Amino acid sequence: MPSQQNNLPMSKSAVRTLWFALLVIIVDQLTKVWAVSTLSFGEPVAVISNLNWTLNYNHGAAFSFLADMGGWQRWFFTALAVVVSAILYFWLKKLPNQLNSETIGINLVLGGAIGNVIDRVVEGRVTDFIDFYIGTWHYATFNVADVAISVGAGLLLLSELVLKPRAEKQKRKAAEQQV
């Protein structure tokens, strides 16, 4: 969670790490352009065992949740991503300019969210093409933005639930030893 401290000056805050989110957006959009220009809709192209490139379009959220709801979900998920992106931006403003698990996680989620928002605003849907499967079971088709969001969320959980408590415990222990 964002710390309670005041915003740092821009030159010292993690806002300077936004280049990482921009990199995620660029890679996401370039891979989607590649998928649309190279792949045929719904026709799998084998990459390696358990992985195909399969062009698909998602009008809903993860796993096509609410995909058949008449179009309102496009703007709902766009607005939700914009709100989350604003929260993540302000979170970065409160953190020091360091690439650590927290700032990398924030930037991955931010870049992925914006990558999918671009699709929703421009195309009215999200382009997916990564098709992971085991036997006849296929995971929902996804994209680079989805991977970034998932990895970023994992890093944020790791940071908040493991790394920060561990660092605080070490600080307390060091302070006790000095007394």
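Modeller: Naming comes first: helices (H or I, at least four residues) and strands (E, at least two) are DSSP runs, numbered from the N terminus. This is a predicted model, where local features need pLDDT of at least 70, side-chain atom pairs count only at pLDDT 80 or more, and totals for chains, interfaces and linings use all residues. Residues are numbered from 1 along each chain as its sequence is written, and side-chain values use heavy atoms, with hydrogens and water left out.

Biologist: In what order do the 4 strands form the open sheet?

Modeller: Two strands pair if DSSP finds at least two bridges between them. S1 (residues 45-48) joins S2 (residues 51-58) by 3 bridges, while S2 joins S3 (residues 126-134) by 6. S1 and S4 (137-138) stand at the edges with a single partner strand each, so one side of each has no neighbour in the sheet. The pairing is antiparallel, and the order is S1-S2-S3-S4.

Biologist: Which residue in S2 does Ala-46 stand opposite?

Modeller: Think of the strands as facing rows. For Ala-46, the residue opposite in S2 is Asn-52.

Biologist: Where does Asn-50 lie?

Modeller: Asn-50 has a positive phi of about 75° although it is not a glycine. Its relative accessible area is 28%, so it counts as partly exposed (buried is under 20%, exposed over 50%, partly exposed in between, with a 1.4 Å probe and protein chains only). The hairpin has 2 residues between its strands, and Asn-50 lies in the loop between S1 and S2.

Biologist: How many of the 23 residues of H3 are buried?

Modeller: For the chain as a whole, buried residues make up 35% of 179. H3 is largely enclosed by the rest of the structure, because its buried residues number 17.

Biologist: At the start of H3, which residue's backbone nitrogen does a side-chain oxygen of Asn-100 reach?

Modeller: H3 covers 101-123, and just after this helix Gly-124 takes a positive phi of about 80°. At the other end, the side-chain oxygen of Asn-100 comes to within 3.1 Å of the backbone nitrogen of Glu-102.

Biologist: Which helix gives the largest share of the lining of the second largest pocket?

Modeller: A pocket is an open set of points on a 1 Å grid over the protein atoms alone, where a 1.4 Å probe fits, with protein on both sides within 12 Å along at least five of seven lines; lining residues have an atom within 4 Å of a point. Lining residues here include Leu-95, Asn-100, Glu-102 and Lys-171. H3 and H4 (144-178) each supply at least two residues. The largest share, 6 residues, comes from H4.

Notes
Polar contact = N/O pair within 3.5 Å; in protein donor to acceptor, adjacent residues only side chain to side chain.
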